Amino acid sequence: TWMLRLGLAGSSPDGARQVLDRWLAHRPDSPAALERLALWHESVGDFDQARRLAVRCLELDPGLVAAQF
């Protein structure tokens with residue numbers, strides 16, 4: 001699964017981003033993938049993009065907890 005692949009990327013921001021890009025290529029409207037990408041952007045200090053992605057996540061699935069930051 002994509003969450004397992006993301007976990008295997010470890011703490012490498014580049015590795016995580018590559019997994020997220022592949023995940024979104026396969027499922028561009030996946031709330032879970034968009035939520036993780038929002039968290040990735042937050043972790044690298046890109047707060048504007050993190051906010052935009054979080055809003056999109058909540059449009060797709062209002063119950064996503066991590067997107068409500």
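This is a predicted model: local features need pLDDT of at least 70, side-chain atom pairs count only at pLDDT 80 or more; totals for chains, interfaces and linings use all residues.
Q: What does the protein average in pLDDT?
A: The average is 87. Of the residues, 91% score at least 70.

Q: Which elements have the lowest and highest mean pLDDT?
A: Helix α1, residues 2-8, has the lowest, at 81. Helix α4, residues 47-60, has the highest, at 93.

Q: On to packing. At roughly what angle do the axes of α2 and α3 cross?
A: Roughly 150°. The axes come within 10 Å. Here α2 covers residues 13-26 and α3 covers residues 31-43.

Q: Parallel or antiparallel, then?
A: Roughly antiparallel, because the angle is over 145 degrees. The crossing of α2 past α3 is left-handed.

Q: Which residues in α2 meet α3?
A: From α2, Pro13, Ala16, Arg17, Leu20, Trp23 and Leu24. Their partners in α3 are Ala32, Ala33, Leu34, Arg36, Leu37, Trp40 and His41.

Q: And by class, what does that contact of α2 with α3 have?
A: Ten nonpolar residues, one polar and two charged.

Q: What about α3 and α4, at what angle do they pack?
A: About 160°, with the axes 8 Å apart. That makes α3 and α4 roughly antiparallel to each other. α3 passes α4 in a left-handed crossing.

Q: Which residues of α3 and α4 make the contact?
A: On the α3 side, Pro31, Leu34, Glu35, Leu37, Ala38, His41 and Glu42. On the α4 side, Phe47, Gln49, Ala50, Leu53, Ala54, Arg56, Cys57 and Leu60.

Q: How many nonpolar, polar and charged residues does the contact of α3 with α4 have?
A: Ten nonpolar, two polar and three charged.

Q: How many residues apart are Arg17 and Asp21 in helix α2?
A: Four, so about one helical turn separates Arg17 from Asp21. Arg17 is also among the α2 residues that meet α3.

How values were computed: Residues are numbered from 1 along each chain as its sequence is written. Side-chain values use heavy atoms; hydrogens and water are left out. pLDDT is the predictor's confidence in each residue, from 0 to 100. Helices (H or I, at least four residues) and strands (E, at least two) are DSSP runs, numbered from the N terminus. Axes are lines fitted to C-alpha atoms, for helices over the stretch in contact, and angles run from 0 to 180 degrees between N-to-C directions. Angles under 35 degrees count as roughly parallel, over 145 as roughly antiparallel, 65 to 115 as roughly perpendicular and the rest as oblique. A crossing is left-handed if the near helix is turned anticlockwise from the far one by less than a right angle, and right-handed if clockwise. Contact means heavy atoms within 4.5 Å. Ala, Val, Leu, Ile, Met, Phe, Trp, Tyr, Cys and Pro count as nonpolar, Asp, Glu, Lys and Arg as charged, and the others, Gly among them, as polar.
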